[in-house]
Amino acid sequence: MINPNSTALLTAGIFPAPTAGNTFQGPSTTPTNLKEEIVRIDHNFTSKFSVFGHYVAEQVTQGYSISQWSGANVPTVGDTFGNPSYSAVIHTTYTISPTLLNEASFNYNGNRINIIPFAGAGLKSLAIPSGFVGNRLFSGPNNLNRIPNIDLNARLAPILKSRVGLG
């Protein structure tokens, strides 16, 4: 009478043991790291000609003990959200006459978003546990053999949300 998929998920450690009062409380032990570097240079070549430039590099990584944007409430699959960004400016001003000013600038900036999933509380890996057989919600490749994320709704009925397309 016990579903073999349920046994496979319990063996894989998907659901941590309940605490007192048959409730679950999971810690959020994922760190947030921030590093920012700023350089600015100003120089007046003459009273009519000046140049300034700056460069900003910011590296942010923030951990989430549950899947972002999924509505998950069991910390099984977490992720690290990384967003390194950068900005550079070179700006020059030249006074041609008391009533005429020439300015030119070059700006360059951007960022990259990296989302890297990791095995949450009790999981040894993100791989599908042996013995788990089920229909997939999406037909795309599961190259890393990742386990679906599990969310519990208000009635505590399991809902599988696929995490297989990330990577």
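The charged end of R40 sits over the ring of F52, 4.3 Å from the ring centre. That label needs NZ of Lys or CZ of Arg within 6 Å of the ring centre and within 35 degrees of the ring normal. Keep in mind that this is a predicted model, where local features need pLDDT of at least 70 and side-chain atom pairs count only at pLDDT 80 or more, while totals for chains, interfaces and linings use all residues. Residues are numbered from 1 along each chain as its sequence is written, and side-chain values use heavy atoms, with hydrogens and water left out.

A salt bridge here is a side-chain nitrogen of Lys or Arg within 4 Å of a carboxyl oxygen of Asp or Glu. Searching the whole structure turns up two of them:

The cut-offs are under 20% relative accessible area for buried, over 50% for exposed and partly exposed in between, with a 1.4 Å probe and protein chains only.

Now for the strands. Strands are DSSP runs (E, at least two residues), numbered from the N terminus. Strand β1 covers residues 32–44. Of its 13 residues, the number buried is zero, so β1 lies largely in the open. Its partner is β2 (residues 49–64), running antiparallel to β1 and joined to it by 13 bridges; two strands count as paired if DSSP finds at least two bridges between them. The two form a hairpin with four residues between them. Across that pairing, K35 stands opposite Q59 in β2.

V39 also lies in β1, and is partly exposed at 47% relative accessibility. Together with I41 and Y55, V39 makes a nonpolar surface patch of about 300 Å². Patch members need over 30% relative accessible area and no salt bridge, with like charges joined within 9 Å and nonpolar side chains (Val, Leu, Ile, Met, Phe, Trp, Tyr) within 5 Å. The areas come from Shrake-Rupley with a 1.4 Å probe.

There's a second hairpin, this one made by β4 and β5, with two residues between them. Strands β4 (residues 85–97) and β5 (residues 100–111) run antiparallel and share 12 bridges. Y94 has N102 as its bridge partner in β5.

The structure holds three aromatic pairs. Rings of Phe, Tyr and Trp (its six-membered ring) pair if their centres lie within 6.5 Å; planes under 30 degrees apart are stacked, over 60 edge-to-face, and the rest tilted. F45 and F49 have ring centres 5.2 Å apart and planes at 25°, so that pair is stacked. F49 and Y94 pair edge-to-face, at 6.2 Å centre to centre with 65° between the planes. Since F49 is in β2 and Y94 in β4, this pair ties together parts that are 45 residues apart in sequence. F49 is partly exposed at 29% relative accessibility, and Y94 is partly exposed at 38%. Put together, ring pairs link F45, F49 and Y94 into a cluster.
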